[in-house]
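Biologist: I'm new to this one, so let's go slowly. Could you put it up on the screen?

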Amino acid sequence: MAVFAMLRAGALGLALLALALPGAARAQEQAAERDAYAHLREFLVGDARVRENPRAVDAPFFIPVSDAALYMDPDAEVLVEEPAREGGPVFIYPRDILVRHEVLNLQDEAGARRSVTYSPLTGSVAGYLGAVGLHRPALGTTGQFLNMNRVLYDRSTNSLWPQILGECISGPLRGQALGRFPLLWTRWRLARARWPEAQVLSRQTGFRVSYDRDPYGSYRRDGTWYTSGDPRPPISHIDRRLGPKERVLGLAVGEAAVAFVEAAVREHGVASATAGLAPLVAIHDPGLDAVRVFHAEADGRVLTFMRVGGEILDEQTRSRWSATGRAVEGRLRGMALERAAAMDCMWFAWAAFHPGTLAWTGPGALLDTPPQGQADPGLGTLPSMMPSTAPEL
């Protein structure tokens, strides 16, 4: 009996010691993460068995701007991947193709993977870098949705990744996050004028699909899914500070998140906000009618920006900045702001995944006191206009 008592005492001592170690603290953090994802998984709808419906584009073919101009609608929405380094290639992805496939998997000459993703029901665009630790996964679609946002999976581990969140909520990679790269949303006629040497994703995707009609409607016409109507529950968090279909540029930095209302940035030209401790600035590019978000730091200092006439200036040095985040005149001339991978998204979906998000609606109008949102369990019905079949080879 004394031996067993000693063993029990020794085990208790080891347990207490373990709790005092950093590893135990990390285990507690991981348990909290699991609880958070478990809450989100309660709101999953759709068929968990379905994969690749719709089918991702895994063998993209690119053509010159001059060839794409033969059939592209001048006002068609496109996504632009600007070069990470000056002088690099520019890629243009027509949204009419992505609306049918939702995932485009790419691989550069060095073998590095990246994915361009689009979830039509939430109007959300995200570029993801295909590296998680030792894994180099290609992404595909599942038959499940979370807050009406398409849930993706990676083909290496079958883990689940909500397209907006970019974090694994279920599977071997649970708790891991994908790296992001920014995409710019604009129209074809503006993009082709800015980048005549760009490479354009061809409709030769390997699938027999008509890319001339969007089953969800149009961003240029009222009364379609993109512009009107309430989201279909279940929704894990409802935030009515803005209209549900309001277009925002969302960015999460650690535990903090901010959403720039795109219409407000277009009106005022520039918007400054802080996500956590990270200062940010959103700048409207009139030539593309698009908005980019940057980290508002240069030359070792935090900058705040303003529009004077048609110029963007920083208040600290009065340097003049371009819409691409480069100082073109003044003391900081030649310096460039670091681009932030903000996401085009409908407000209801961004707020559902980021309940404490700040909302920039105009100068001095940062909505930082969100009301107590409620979850809506709903019936789990999805809109009837969703394509019911995968593209056929």
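Modeller: Buried residues make up 49% of the 393 residues in the protein chain. This is a predicted model, where local features need pLDDT of at least 70, side-chain atom pairs count only at pLDDT 80 or more, and totals for chains, interfaces and linings use all residues. Residues are numbered from 1 along each chain as its sequence is written, and side-chain values use heavy atoms, with hydrogens and water left out.

Biologist: Why is Cys 168 called buried?

Modeller: Buried means under 20% relative accessible area, exposed over 50%, and partly exposed in between, using a 1.4 Å probe and protein chains only. Cys 168 has 0% relative accessibility, so Cys 168 counts as buried.

Biologist: And what makes Cys 345 buried?

Modeller: Its relative accessible area is 0%, so Cys 345 is buried too.

Biologist: What makes a set of residues a nonpolar core?

Modeller: They must be buried Ala, Val, Leu, Ile, Met, Phe, Trp, Tyr or Cys residues, joined through side-chain atoms within 4.5 Å. The largest one here has 83 residues, and Trp 350 is among those with the most contacts inside it. Helix H7 (residues 347-353) gives this core its largest share, seven residues; a helix is a DSSP run of H or I with at least four residues, numbered from the N terminus. A second, separate core has 18 residues, including Trp 188 and Leu 190.

Methods
Helix = DSSP H or I, 4+ residues; strand = E, 2+ residues; numbered from the N terminus.
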